[in-house]
Amino acid sequence: IAVSHHFLSQYQDLRCSEDVKQSIVVTMGTFQDLVAEKCGEYFERFRRLTFVTPKSYLSFIDSYKLVYTEKIAHVGTLAERMQTGLCKLMEAEQSVSQLSEELLVKEKELAVASQRADQVLQEVTAKAQAAEKVKQQVQKVKDKAQLIVDEIEADKMAAESKLEAAKPALQAAEAALQDSITEEVVELLAPYLHMDDYNMETAKRICGNVAGLCSWAQAMVDFFSINKEVLPLKANLAMQEARLLVAQAELTKAQEQLDAKQLELDAVQALYDAAMKEKQDLEDDAQSCRRKMANARALIDGLGGEKVRWTDSSAGFQTQIKHLVGDVLLATGFLSYAGPFNQEYRSLLLTLWRKEMEEKLLPFSPELNVIGLLVDNATVSEWNLQGLPSDDLSIQNGIVVTKASRYPLLIDPQGQGKTWIQNRERDQQLQVRASARDSKSERFADCS
């Protein structure tokens, strides 16, 4: 007890109370005494001599710490993973509940936003129709004004063309008469102008310096003829320009009305765009919420059956951690002491140890399978492929061979153990030394 207390007092990995830890210390010493007692009884019955030594006890303590550290880490990792999975499921369930509440609020907000957007759309439609009506009216005024402008431009071009043609005559007569010559005077002058001798050369020869009056009279007639056509053009041009001013004023007024309507339309359109953006944002938000809910529900539905199993497993892991102090004590006691005994005494030792643990109130699994705790199924299957028989005794022997800290002695009359070891260690280039001494009852083989 003092030895086990010395080696376990500083061992911090044990997950148990101090009372349970003290019971482990005491029980370890009891295990050693029980095995020593059964060694003598075993010799009396089967004439097979086996011993327990201080080295056996130290090996037992070291094995306990080593196996417990390994198992508590393994079970703790599995428990943590299981708990993480359960936490994720719980988070998903909470998320679905929270998202459902959020979605209800968002759908109400979306309904209000949709109604507001529809109202604004109606207002926009009405404003747009009014603006379009004004636009059509303004367009009619513009078209009318444009026609007037086009007419004025045509008349102006014609007048300017004729004025350009009359310009020399106008300039010649402008200083003297301007527009005061009458049609009657032109009619009186016409016969003279058509005479053969009414020209500048004849006038110079007959009249001398007064001959310039002949050119002046001809210029005035030409001016009157041209000005007779130009005056209506000028009058028409002035009238058209007045009409243009009226049309432009109407166009300006209509354009102002159109601009005012357009400002109203732009303002309402901005309201509509804002309402539609709010509606779309809410729709996107609601759709994202629905997608998250669908994913969470899919996760919950897909793992719904696993939740029950995970919950049970998580609780089982906690129980397993609690029982691990006793389970490892049984397993490492078996590993350290049971090797030299046959199946009957192995079972007897396990029974005595369980009874002792119950008396000391040590937690352990009632249905503990030592094989299952110390080796996994994949390793057992590999051993079977290497030639180890599949019965429990052979598997127990395989555990002792591979996990015990001391070299085992194999009683192997059929050679199955030897074959298994050779197959198992072939890749490690096992060397076999055999020295046989045959007798009626013994055959020894030394393998290293």
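Color the chain by secondary structure and follow it from the N terminus: the elements run α-α-α-α-α-α-α-α-α-α-α-α-β-β. That comes to 12 helices and 2 strands (DSSP runs, H or I of at least four residues for helices, E of at least two for strands, numbered from the N terminus). The model is predicted: local features need pLDDT of at least 70, side-chain atom pairs count only at pLDDT 80 or more, and totals for chains, interfaces and linings use all residues. Residues are numbered from 1 along each chain as its sequence is written, and side-chain values use heavy atoms, without hydrogens and water.

Next, select I24, M28, Y64, Y68, L329 and W353. Within the largest nonpolar core, which has 54 residues, these touch the most other members. Such a core is a set of buried Ala, Val, Leu, Ile, Met, Phe, Trp, Tyr and Cys residues joined through side-chain atoms within 4.5 Å; buried means under 20% relative accessible area, exposed over 50%, partly exposed in between (1.4 Å probe, protein chains only). Now show α7 (304-337), one of the elements that give two or more residues to this core. α7 gives the most, with 11 residues.

Zoom in on M28. Leaving out residues up to four places away in sequence, M28 touches S4, L8, Y57, F60, I61, Y64 and L329 (contact: heavy atoms within 4.5 Å).

Then move to V186, L193, F223 and F224. They are among the 7 residues of a second, separate core.

Finish at helix α1 (residues 2-8), where V3 is found. V3 counts as partly exposed because its relative accessibility is 37%.
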